[in-house]
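Subject: The structure we talked about

Hi there,

Here is the structure I promised to pass on to you. Have it open while you read, and I'll walk you through what turned up.

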Amino acid sequence: APVVEFFGIPLEDAQDVVFVLDVSGSMTESAQGALAQIRVRPRPVPAADPLAAPAPPPAPVVAPRKIDVAQSELVDVLERLPPGTRLNVLWFQSDVEGAAQTLFVLDEAARATAIELVWDLGAAGSTALAPALRTAYMMNPRRVVLLSDGLGNVGGDADAIVRDAREAIRGGLRIDAIGIGTGHDAALLDTLARESGGLYQPL
């Protein structure tokens with residue numbers, strides 16, 4: 001079977017994995033460069049009720065936003081990961097939220113719930129990158145897959161993020177990092193990935 005990938009990062013051996021997704025306000029900006037070339041599928045539309053009023057005409061096609069591409073890619077991953085995978089999905093802006101309190105086992109009900117949560121995400125606020133990663137580490141995953149387009153400006157700076165990560169890395173954690181756009185902290189994401197044996201993917 002084809003290898004499951006998230007923005008080009010292979011996930012064939014992903015188990016006990018936490019996806020950490022930036023949904024800060026800058027994620028509403030239009031996708032640029034390589035990111036804009038990624039096909040974005042629209043959210044599925046529920047079947048129309050034959051007794052309901054006619055649906056309005058479709059909205060005009062506009063350039064995808066960064067958040068649209070991220071949602072589409074993560075939904076594709078969630079659809080393709082094998083049953084039994086232990087995972088969680090966290091998203092952060094000014095604060096941190098998640099699909100569950102800890103890692104959960106992917107069955108069809110959990111898959112459907114996680115996909116619906118991802119489709120429902122909106123982007124606003126600041127960038128609580130340090131708290132989001134600390135929350136992920138507390139779940140004791142083997143792997144964290146981080147996507148961010150900006151600089152952490154809530155709850156800790158880059159030095160704090162590296163310090164926290166190094167402690168988790170000593171316990172065997174791998175961090176893969178996807179940096180979107182020109183505003184992300186390339187040096188930070190590269191450090192997190194390189195020191196943990198993960199991959200850094202700038203887009």
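Which residues touch the most other members of the largest nonpolar core? Before the reply, please keep in mind that this is a predicted model. The residues to look for are Phe6, Phe19 and Leu147, in a core of 37 residues. Several elements give two or more residues to this core: the helices α2 (66–80) and α3 (108–119), along with the strands β3 (17–22), β4 (86–92) and β7 (143–148). The element that gives the most is α2, with seven residues.

Leaving aside residues up to four places away in sequence, Phe19 touches Phe6, Leu11, Leu74, Val77, Leu81, Leu87, Asn88, Val89, Leu90 and Val145. There is also a second, separate core, made of 25 residues, and Tyr137, Leu146, Ala168 and Leu192 are among them.

On the α2 side, the contact is made by Gln71, Ser72, Leu74, Val75, Leu78, Glu79 and Arg80, and on the α3 side by Arg111, Ala114, Ile115, Val118 and Trp119.

Then look at α5 (residues 158–170) and α6 (residues 186–196), whose axes come within 10 Å and cross at roughly 10 degrees. Angles under 35 degrees count as roughly parallel, and therefore α5 and α6 are roughly parallel to each other. The crossing of α5 past α6 is right-handed. Here α5 makes the contact through Ala158, Ile161, Val162, Ala165, Arg166 and Ile169, while α6 uses Leu188, Thr191, Leu192, Glu195 and Ser196.

One last stop: Thr85, which sits in the loop between α2 and β4. Is Thr85 buried or exposed? Its relative accessibility is 2%, and buried means under 20%, so Thr85 counts as buried. The Thr85 side chain reaches the backbone oxygen of Pro82 at 2.7 Å. Not counting residues up to four places away in sequence, Thr85 touches Ala14, Gln15, Phe104, Val105 and Leu106.

Best wishes

Technical notes
Residues numbered from 1 in each chain as written. Predicted model: local features only at pLDDT ≥ 70, side-chain atom pairs only at ≥ 80, totals over all residues. Heavy atoms only, no water. Core = buried A, V, L, I, M, F, W, Y, C linked by side-chain atoms within 4.5 Å. Buried < 20%, exposed > 50% of the residue type's maximum accessible area, 1.4 Å probe, protein only. Helix = DSSP H or I, 4+ residues; strand = E, 2+ residues; numbered from the N terminus. Contact = heavy atoms within 4.5 Å. Polar contact = N/O pair within 3.5 Å; in protein donor to acceptor, adjacent residues only side chain to side chain. Axes fitted to C-alpha atoms, helices over the stretch in contact; angles between N-to-C directions. Parallel < 35°, antiparallel > 145°, perpendicular 65-115°, else oblique. Left-handed = near helix turned anticlockwise from the far one by under 90°.
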